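Subject: Handover of a structure for your review

Dear colleague,

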Amino acid sequence: MNSLAEKRKTYQDQLAAKAKKTVIVVGLGTCGIAAGGEKIWSAIKGEINNKKLDIEMVYSGCVGMCYKEPIIEVHKPGMPRVIYGDVNPENALQILQDHAVNGKVVNDLAVAQDPKEGAAKLPDVPVLNELPFYKKQVKTAIAKCGVINPDSIEEYIAFGGYEALEKVLTGMSQVEVIDEVKKSGLRGRGGGGFSTGLKWEFANKAQGDKKYVVCNADEGDPGAFMDRSVLEGDPHAVLEGMAICGYSIGADEGYIYCRAEYPLAIKRLETAIARGEEAGLLGKNILGTGFNFKLKIKAGAGAFVCGEETALINSIEGKRGMPRVRPPFPAQSGLWAKPTNNNNVETYANIPNIIRQGSSWFASMGTEKSKGSKVFALTGKVNRTGLAEVPVGITIREIIFEIAGGIQDNKKFKAVQIGGPSGGCIPEEHLDTPVDYDSLIALGAMMGSGGLVVMDETTCMVDVARFFLNFTKNESCGKCTPCREGTKRMLEILETICAGKGKPEDITTLERLSTVIKSTALCGLGQTAPNPVLATLKYFRSEYEDHIFNKKCPAGVCNALLEYKIDAEKCKGCGSCKKVCPVEAISGEKKQPHEIDTSKCIKCGSCIEKCKLDAIIRG
Amino acid sequence: MSNVNLTINGQKVSVPAGITIQEAAEQIGAFIPTFCFDKDLTAPGACRICVVEVAGMRNLPASCVTAVAEGMVVQTESPVVVEARKMILELLVANHPLDCMTCEKGGNCRLQDYAYRYGVTGGAFVGEKHEYLPDSTNPYVYRDLNKCILCGKCVATCNAVSERGVINFAFRGFNTRIATFMDADLKDSECVYCNRCVAVCPVGALVDKNMMGKGRIWDLEQKQVTCTFCESGCNFNVNYRDGKVVGVTAANAAAGRPLCLKGRLGINFMQNPDCIEKPLLKKDGEFVAVTWEEALGIAPILEKLKVINK
């Protein structure tokens with residue numbers, strides 16, 4: 001069977017031929033589209049058609065630099081690949097004309113160059129891998145995201161795609177595959193961090209005439225978009241990983257449970273599955289080996305709890321998305337009561353690399369108990385938001401201050417929420433903790449699926465806890481009492497504290513509720529729901545006390561606890577605050593210090609924004 | 001099947017492998033409260049009131065769905081367990097109308113029993129309470145979802161009859177409630193008022209309307225009989241108060257067919273003041289009370305049978 005190798009050769013040749021042409025790549029992941037990528041696509045396409053230019057256009061998924069979207073790349077023969085950021089339809093045409101046509105790089109917009117052989121390095125453009133954003137990253141699971149056309153199986157194959165599946169099907173036994181995954185030390189990238197190889201082994205050993213492979217693509221944490229980027233940027237990696245899993249556990253059918261809020265991911269998956277089947281790499285008799293693997297997509301209806309594996313299985317079965325009691329674990333009795341292996345998107349995306357490059361390569365990255373690399377979504381008050389893949393064990397400080405470029409507007413770092421609503425916040429003093437499963441749990445947070453929400457000094461931690469509890473309260477499925485009723489009461493208490501009506505006993509009540517919910521809730525959603533409260537209480541207890549006892553919100557967020565005043569010494573009576581006040585709460589003669597009538601003030605903050613003299617005090 | 005040895009509340013026990021902690025505890029008479037568990041019906045592990053402490057386990061497992069294991073050390077009422085149960089009850093009671101004095105289920109309500117046992121008064125949380133309108137649109141079931149604790153037994157029993165499945169869980173989180181299709185009132189649903197759900201409801205959310213105001217549980221005497229209205233032979237309880245039948249309720253809804261309206265409403269015939277106790281035969285243009293033998297015209301046959309018997 002060398003047809004795959006032949007195909008690869010053909011596709012590589014095609015790519016090489018393409019490299020002799022000028023190509024413009026537009027980033028059309030959801031992030032790129034949201035930033036206006038499609039308008040740029042049409043603008044450039046229109047110009048190319050008008051002027052009948054010999055330039056090819058392709059699109060790609062997210063390259064990770066969401067902070068620079070919309071992003072386009074120009075490949076011109078004899079020149080390094082140049083990545084442009086903050087592109088708009090006007091300057092896109094300038095890039096087209098100056099660079100793609102005339103070979104003159106637009107330095108103001110160029111973010112980075114990717115040097116290649118036979119092309120002179122550009123003097124004024126930073127090199128991609130030397131960018132602070134890239135320097136500490138290792139691109140493995142998302143290496144092809146933003147590089148290949150996600151809808152082209154040819155490009156995926158040209159980059160070594162499906163080689164791992166071929167290797168497994170033609171030369172490895174089920175046990176050998178599982179051993180390799182076990183040796184790699186890969187742990188579930190969806191949050192729990194259970195050993196992937198061990199999970200596969202359970203499903204392999206389970207008795208059953210029919211087994212299933214399930215991919216959890218129901219990524220729902222606020223601020224997390226790793227899986228979406230993988231699905232939109234490199235869908236075949238996930239399909240290949242699932243097929244390898246199917247072979248190793250003895251399954252011939254798989255489901256991808258993808259949230260309906262990811263329409264582009266679903267579309268690209270549908271295309272990828274169709275192309276895979278056409279190419280004989282999915283479906284019946286894969287690569288002529290007799291192995292069958294049929295994949296289906298199930299769109300989720302928007303319930304966060306369906307990211308919990310048993311609720312997810314119920315949902316695929318057409319039932320209400322409520323978790324089941326475990327045991328039995330899905331490996332014994334999962335989808336339609338058959339042995340089922342369930343991993344998330346990023347976990348499967350790692351598999352082809354592990355098989356191709358070997359378990360020892362993967363295990364060479366990371367810490368003693370957490371191996372490999374992990375993709376994080378950088379969001380919040382950082383300078384560089386986006387997607388970063390780092391070796392496990394890197395410190396939180398390195399991620400936030402080097403890769404993400406520190407805090408916006410030179411403000412002070414306060415905390416970072418890791419693990420979404422199931423995780424916790426980590427304060428300044430623990431920034432040097434290595435990011436791995438066990439260290440994060442020890443701090444009261446968790447790896448989760450990889451969302452990092454960075455908060456600065458203007459964030460109120462009680463308000464943050466309230467935000468996350470509101471989320472879990474809304475997303476509770478309603479099955480078990482502690483989660484259904486308990487998160488509601490926790491939220492109500494947090495709301496009263498934020499409203500300035502907190503009672504001295506509230507902290508104890510929150511702690512009591514947290515303990516009981518954690519220890520008695522049915523599923524992971526409930527058991528981890530109190531984490532944001534416990535973590536903020538652990539590291540920012542004084543903020544709770546300020547709210548409750550001093551009726552103050554130190555961060556200046558909780559409106560009910562704020563009062564606006566004008567510093568008579570600073571105010572020059574310019575009247576700009578008076579003009580902007582929507583409720584006429586500000587009065588004063590011209591050139592005389594003004595005053596705020598606190599009984600009228602609705603604390604909207606417009607006056608503070610207007611005042612150039614910092615004469616308005618909020619506190 | 002082989003036995004496993006474990007310790008419950010310091011007492012060593014040997015029980016068959018595969019049974020649950022709750023069943024094992026039952027064998028030694030250790031009390032474990034349950035709402036959502038029904039031996040013959042369902043074990044969703046949802047209410048969490050049956051949690052126990054097992055040495056070495058990170059959390060408190062629900063004893064109704066956790067199998068016993070060799071060497072397990074279980075505490076059914078340790079301080080941690082009691083704290084958890086109290087909190088769960090406080091949470092349920094905080095969202096429950098405290099009208100036990102007029103509630104039909106008073107004295108026959110698990111929530112009331114457990115609140116009493118664990119000293120839960122309902123003062124722990126002040127917050128939103130459900131304010132659903134009770135569904136009283138049909139003559140048979142009074143449905144007050146404000147009292148529902150979402151144990152799910154009604155759903156399980158309704159779905160156990162293949163052609164039913166009238167109710168199920170709807171909405172999410174705090175707003176979860178049991179609903180019919182399109183959240184209609186029972187009268188506009190497919191419900192046939194078999195009252196299986198009423199029979200399993202552990203609280204006062206589902207009440208047999210015909211029994212309302214007829215007496216508290218301790219006022220009534222129940223006699224289980226098998227219905228003879230059709231060949232299904234459902235079991236039900238005939239409820240007597242002061243020797244008089246006041247209502248019929250489904251006895252065991254878990255197995256067999258549901259008790260239909262015919263069986264339950266049969267007492268209306270019994271207590272009809274116009275009910276004729278003896279058959280009437282028209283003699284000389286007027287109805288005269290006669291014996292059944294005469295009315296059915298079998299008196300001569302009976303006479304002959306008596307002769308043969310001798």
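Predicted model: local features only at pLDDT ≥ 70, side-chain atom pairs only at ≥ 80, totals over all residues.

Which residue is the bridge partner of A:Val74 in β4(A)? The partner is A:Val82. Residues are numbered from 1 along each chain as its sequence is written, chains are lettered from A and ligands numbered from 1 in the order in which they are written, and side-chain values use heavy atoms, with hydrogens and water left out.

Strand β3 (residues 72-75) and strand β4 (residues 81-84) of chain A run antiparallel and are joined by three bridges. Strands here are DSSP runs of E with at least two residues, helices are runs of H or I with at least four, and both are numbered from the N terminus. Two strands count as paired if DSSP finds at least two bridges between them. In general, the strands of a sheet pair through backbone hydrogen bonds, either parallel or antiparallel.

Both strands belong to an open sheet of five strands in chain A, with the order β2-β1-β3-β4-β5 and mixed pairing. Its edge strands are β2 (55-60) and β5 (110-114) of chain A, each of which pairs on one side only. Neighbouring strands of this sheet are turned by 20° against each other on average, direction ignored. Helix α4 (residues 89-101) of chain A packs on the sheet, where it touches β1 (22-27), β2, β3 and β4 of chain A, and its direction makes about 25° with that of β3(A). Contact means heavy atoms within 4.5 Å. The axes are lines fitted to C-alpha atoms, for helices over the stretch in contact, and angles run from 0 to 180 degrees between N-to-C directions.

Four of the five residues of β5(A) are buried, so that the strand is mostly covered (buried means under 20% relative accessible area, exposed over 50%, and partly exposed in between, with a 1.4 Å probe and protein chains only).

A further sheet in chain A

Chain A also holds an open sheet of five strands with the order β8-β9-β7-β6-β10 and mixed pairing. Because β8 (283-286) and β10 (340-344) of chain A each have a single partner strand, one side of each is left without a neighbour in the sheet. The twist averages 20° from one strand to the next. β8(A) and strand β9 (residues 291-300) of chain A run antiparallel and are joined by two bridges; the bridge partner of A:Ile286 in β9(A) is A:Phe291. Helix α12 (residues 263-278) of chain A packs on this sheet, touching β7 (253-259), β8 and β9 of chain A, and its direction makes about 165° with that of β9(A).

A nonpolar patch on chain B

On the surface, B:Trp292, B:Leu296, B:Ile298, B:Ile301, B:Leu305 and B:Ile308 form a nonpolar patch with about 650 Å² of accessible area together. Patches are made of residues with over 30% relative accessible area and no salt bridge, like charges being joined within 9 Å and nonpolar side chains (Val, Leu, Ile, Met, Phe, Trp, Tyr) within 5 Å. Accessible areas come from the Shrake-Rupley method with a 1.4 Å probe, and for residues only the protein chains shown count as cover. Helices α8 (292-296) and α9 (299-309) of chain B each supply at least two residues of the patch, and α9(B) gives the most, with three. B:Trp292 is found in helix α8 of chain B and counts as exposed because its relative accessibility is 54%.

Salt bridges

Over all chains, the structure holds 50 salt bridges, each being a side-chain nitrogen of Lys or Arg within 4 Å of a carboxyl oxygen of Asp or Glu. B:Glu294 forms one with B:Lys283, the closest N and O atoms being 2.8 Å apart. B:Glu294 lies in helix α8 and B:Lys283 in strand β12 (residues 280-283) of chain B, so the pair ties together parts that are 11 residues apart in sequence. B:Glu303 forms a salt bridge with B:Lys306, with the closest N and O atoms 3.9 Å apart; these residues are three apart in helix α9 of chain B, which means a separation of about one helical turn. In chain A, a network of salt bridges links A:Lys18, A:Lys21, A:Asp54, A:Glu56 and A:Glu155.

With kind regards
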